[in-house]
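Please read them with the coordinates open.

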Amino acid sequence: MLQSAEFGVYLLCFVLISISFYFFSAINIDCFNSDQAVQVLMVKNFQWPADSYYWGQNRLGSLLPLISSFFYTFIKIHPIILVSIINYMMLVIGWFIFSKYLKSNWAKLLFCIAVFFPHPTYFFIILIGHPYQGQFFTLALATLFINDLFNKITTFEKWNWKDYLNLFFTVFTSILAVWVSELSLVYYVFVLFYILFNKEVRN
């Protein structure tokens with residue numbers, strides 16, 4: 001159950017995210033370019049595995065148009081609107097998962113501002129022409145499953161089918177993150193060091 005202060009923070013964050021969507025989504029943004037247009041154009045005729053990377057590239061998995069094309073099969077709205085919504089949904093899910101690990105409500109609010117009103121040096125995180133939102137989304141999901149798996153391992157309890165399912169999703173989302181961007185491997189190096197040097201595991 002959310003406490004009133006935490007609920008207020010999430011409500012404020014929802015308002016901030018809505019404002020961010022209005023000003024920075026692909027629907028209204030002024031700096032719409034060919035990199036972003038590729039994401040939109042792929043939605044109507046996405047073909048797997050030919051389009052697993054952006055039209056002939058050999059890196060940066062095309063997760064955003066893949067998910068958008070799935071929803072486009074039964075939600076016939078303009079692709080740029082659909083891609084914009086999916087893009088922000090991925091950012092919102094990623095932000096929400098990571099914010100659950102922040103104890104301070106102020107930290108959650110500042111994290112929201114950092115993601116949805118980013119500094120110009122990393123403004124590309126909210127644009128559809130780059131893989132960062134997909135990387136943020138998949139790493140958040142992987143972190144969620146890794147954390148549950150880590151808690152299970154440290155308690156030394158007997159595994160059931162849910163735990164093996166969690167292991168599957170841990171591996172799956174981790175592979176997804178690397179497919180979207182090979183730089184995700186750097187994140188897993190830090191996770192590995194955290195696990196190796198964690199006192200609960202070492203004991």
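1. Contact here means heavy atoms within 4.5 Å. With neighbours within four places in sequence set aside, Cys 112 is in contact with Cys 13, Leu 16, Ile 17, Trp 95 and Phe 117. Keep in mind throughout that this is a predicted model.

2. Cys 112 also matters for the core count. The largest nonpolar core has 45 residues, and Leu 91, Trp 95, Cys 112 and Phe 116 touch the most other members. At least two residues of this core come from each of helix H1 (4-24), H3, H4, helix H5 (105-116), H6, H7 and helix H8 (184-196). H4 gives the largest share, 10 residues. As background, nonpolar side chains in soluble globular proteins tend to be buried together.

3. Next, the charged pair. The whole structure holds 1 salt bridge. Lys 108 and Glu 6 form a salt bridge through their side chains, at 2.7 Å from N to O. Lys 108 sits in helix H5 and Glu 6 in helix H1, so the pair ties together parts 102 residues apart in sequence. Are these two residues buried or exposed? Both Lys 108 and Glu 6 are buried.

4. Leu 102 lies in the loop between H4 and H5. Leaving aside neighbours within four places in sequence, Leu 102 is in contact with Ala 107, Lys 108 and Phe 111. Gly 61 is 41 residues from Leu 102 along the chain, and their C-alpha atoms are separated by 29 Å.

5. Now the packing of H6 and H7. Their axes come within 8 Å and cross at roughly 150 degrees. Angles over 145 degrees count as roughly antiparallel, and H6 and H7 are therefore roughly antiparallel to each other. The crossing is left-handed. Residues making the contact include Thr 138, Leu 141, Phe 145 and Leu 149 of H6, and Asn 166, Phe 169, Thr 173 and Leu 176 of H7.

6. Last, H3. Which residues of helix H3 (residues 63-72) are buried? They are Leu 63, Leu 64, Pro 65, Ser 68, Ser 69 and Tyr 72. What covers these buried residues includes helix H2 (34-41), helix H4 (79-99), helix H6 (132-155) and helix H7 (161-180).

Technical notes
Residues numbered from 1 in each chain as written. Predicted model: local features only at pLDDT ≥ 70, side-chain atom pairs only at ≥ 80, totals over all residues. Heavy atoms only, no water. Buried < 20%, exposed > 50% of the residue type's maximum accessible area, 1.4 Å probe, protein only. Helix = DSSP H or I, 4+ residues; strand = E, 2+ residues; numbered from the N terminus. Core = buried A, V, L, I, M, F, W, Y, C linked by side-chain atoms within 4.5 Å. Salt bridge = Lys/Arg side-chain N within 4 Å of Asp/Glu carboxyl O. Axes fitted to C-alpha atoms, helices over the stretch in contact; angles between N-to-C directions. Parallel < 35°, antiparallel > 145°, perpendicular 65-115°, else oblique. Left-handed = near helix turned anticlockwise from the far one by under 90°.
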